[in-house]
Amino acid sequence: MQEKWWQRSVVYQIYPRSFMDSNGDGIGDLNGIRQRLPYLKDLGIDVIWLSPIYKSPNVDNGYDISDYQAIMEEFGTMEDFDRLLEEAHAMKIRIILDLVVNHSSDQHQWFQESRKSIQNPYRDYYIWRDPVNGHAPNNQGSCVGGSAWTLDETTGQFYMHLFDRRQPDLNWDNPVLRDEVYRMMDWWLQKGIDGFRMDVISLISKDQSFPDYPADKTGYAPFDIVANGPHEHEYLREMNHKVLSRYDVMTVGECPGVTLEGTKQYANLDGSELSMVFSFEHMSVDADPAFSRYVKKLPLNLVKLKKIMSRWQTQLDGIAWNSLFWDNHDQPRIVSRWGDDSERYHDLSAKMLATCLHMMQGTPYIFEGEELGMTNYPWKNLSEMKDNESLGNYRQAVEKGIVDEKDAFTALRTISRDNARTPMQWDEGKNAGFSSGTPWMPVNPNYVRYNAKDEQEDADSVYHYYQKLIQLRHDSDLIVHGHYQLLDQENPDLFCYEREWNGEKLLVICNFTKKEISWNLPEEFDHAGILISNYKDSNVEKIINLRPYEALVLQ
Ligand code: TEU
Ligand code: CA
């Protein structure tokens, strides 16, 4: 099988609103991103994934699109985008865009038309149903809390929205809508973009008989219960056939609710659907399935995490392609979540977590600031938070008495999506160098300690460690293609695994705790050299004495 360019690539996710503000209005923008291309080049990444840059009323920071072929005014103009793409390409950096087509904004012209009357030609672009006994058609819940159905007075019918009521779901069972989406995708690909990250693409096909589903504690069925619906793969294959297969692009489907078996179809190496998917099984190990993740957080269960990640590593090998991520704009910061963001262990644990992920098989994703070890924000109260989804779930659980308000806030602080969205920390100047105005989100006060400028100047920084991990992947067939095997499965403190390719082997050892732990080195690594490690003076003996958060890769 011939290697695809995206199999050796490292992707860097930009959340444009928080990355770099070029004109002092406190909001990141396209020209800001352009100014920082040299930084990304220096880091060594291959691809930028831009979270949505399209016209949007910003109910969900651009994940509610009112015009798929226009740029959000706060971010700049189409000319700014064209220039960004051109300059990135000149630097051999590719750009993929977020494709948000499970739903649009309620301000999109399609929905404005659709809601006017039952006979409107756009009616079937969305999902409309008559009330059932005066109520919503079924017990489907939305991701932000409450029902997934809203009654629209004009016609007396309900429309469906798996997210906010201002994000109505598009009707993928309508072939006219599908072709409209494909035309729009083609328009962007003609511009020369290098692919798409597809928002909640696992949700596009619903069982439109809308049965009632098992409800959770909120009284509603979870939003992702409809994932992997009846025509899911049929529609993706159609999209692939009509659009994607005509370009040399990468695609990553964000797939809540996806299974390992399903991924063998979604991300099959035969290229019939997508290049890879984001699955969330490994992100759920600190959630209690009975509660929304925003109101209850469990400590990390490393054995569980290892089992999940190892299953994806071994079972997709040679069949489908993995994506590798700890962070994105919907997740808290990994160093605060599963590392230790205290001064003493911050750098060590950030590097350990990076090692553990970047030595696996798949395409790694770095979320802006992760390469600096950016941390969660020290929230004091609710009023500082902005994210609709985190707050919606929190409020619902508190109002229904499902959780104690104080406990829930403790969880919310550490899991809220807002943690990912504070401004990028560029330097120790005003607002961390993000903006000369007032940033739309507060800057984390620790920018004086963790910022790009200082870390670029410090050879030992988290930044330089990421740079090295990226370089290693570019240079190593073993890291890109090697078969994976978990070692010492039940060890509750260490994550150890091997990679093997053409008779060569790699051993990855990661201490997830601040304890000192000794571990017996497998004999075949007796004379191995150190490929990378996060302590300077690591030495390899028959019994390795691992220090707090130590990470070692032997070859
Ligand atoms: O996320 C879908 C989704 O499931 C998240 O809302 C959720 O935060 C998390 O994955 C659950 O663990 C996508 C986007 O990434 C998110 O920012 C949008 O809010 C959402 O879709 C709606 O477009
Ligand atoms: Ca701006």
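User: In this predicted model, how many bridges join β6 to strand β8?
Analyst: The model is a predicted one. Strand β8 covers residues 157-160 and runs antiparallel to β6. One facing pair places Arg 129 opposite Phe 158 in β8. The number of bridges joining β6 to β8 is two.

User: Which residue in β19 is the bridge partner of Ile 517?
Analyst: Ile 517 belongs to strand β17 (residues 517-520), where Ile 517 and Trp 519 make up the covered face, while Ser 518 and Asn 520 make up the uncovered one. β17 pairs with strand β19 (residues 543-546) in the antiparallel sense over four bridges. Within β19, the bridge partner of Ile 517 is Leu 546.

User: What spacing do the donors of the calcium ion (ligand 2) follow along the chain?
Analyst: The calcium ion (ligand 2) is coordinated at 2.2 to 2.3 Å by Asp 21 (OD), Asn 23 (OD1), Asp 25 (OD), Ile 27 (O) and Asp 29 (OD). Along the chain, these donors follow the spacing D-x1-N-x1-D-x1-I-x1-D.

User: Does Asp 21 count as buried or exposed?
Analyst: Asp 21 is one of the residues that coordinate the calcium ion (ligand 2). A residue is buried under 20% relative accessible area. Because the relative accessibility of Asp 21 is 5%, Asp 21 counts as buried.

User: What percentage of the area that ligand 1 exposes when taken alone does the protein bury?
Analyst: An oxygen atom of ligand 1 lies 2.5 Å from an N or O atom in the side chain of Asp 330. For His 103, the corresponding separation from a ligand 1 oxygen atom is 2.9 Å, and for a polar side-chain atom of Arg 293 it is 3.2 Å. Taken alone, ligand 1 exposes 490 Å², and the share of this that the protein buries is 93%.

User: How many residues of the shell around ligand 1 are charged?
Analyst: The shell holds 18 residues, and the closest are Asp 60, Asp 199, His 329, Asp 330 and Glu 389. Seven residues of the shell are nonpolar and two are polar. The number of charged residues is nine.

Technical notes:
Residues are numbered from 1 along each chain as its sequence is written. Chains are lettered from A and ligands numbered from 1 in the order in which they are written. This is a predicted model: local features need pLDDT of at least 70, side-chain atom pairs count only at pLDDT 80 or more; totals for chains, interfaces and linings use all residues. Side-chain values use heavy atoms; hydrogens and water are left out. A residue is near a molecule or strand if one of its heavy atoms lies within 4 Å of it. A polar contact is a pair of N or O atoms within 3.5 Å; within protein, one must be able to donate a hydrogen and the other to accept it, and residues adjacent in sequence count only if both atoms are side-chain atoms. Accessible areas come from the Shrake-Rupley method with a 1.4 Å probe; for residues, only the protein chains shown count as cover. Ala, Val, Leu, Ile, Met, Phe, Trp, Tyr, Cys and Pro count as nonpolar, Asp, Glu, Lys and Arg as charged, and the others, Gly among them, as polar. Buried means under 20% relative accessible area, exposed over 50%, partly exposed in between (1.4 Å probe, protein chains only). Two strands pair if DSSP finds at least two bridges between them. Donors are N, O and S atoms within 2.8 Å of the metal (3.2 Å for Na, K and Ca); water is not among the atoms, so sites may look incomplete.
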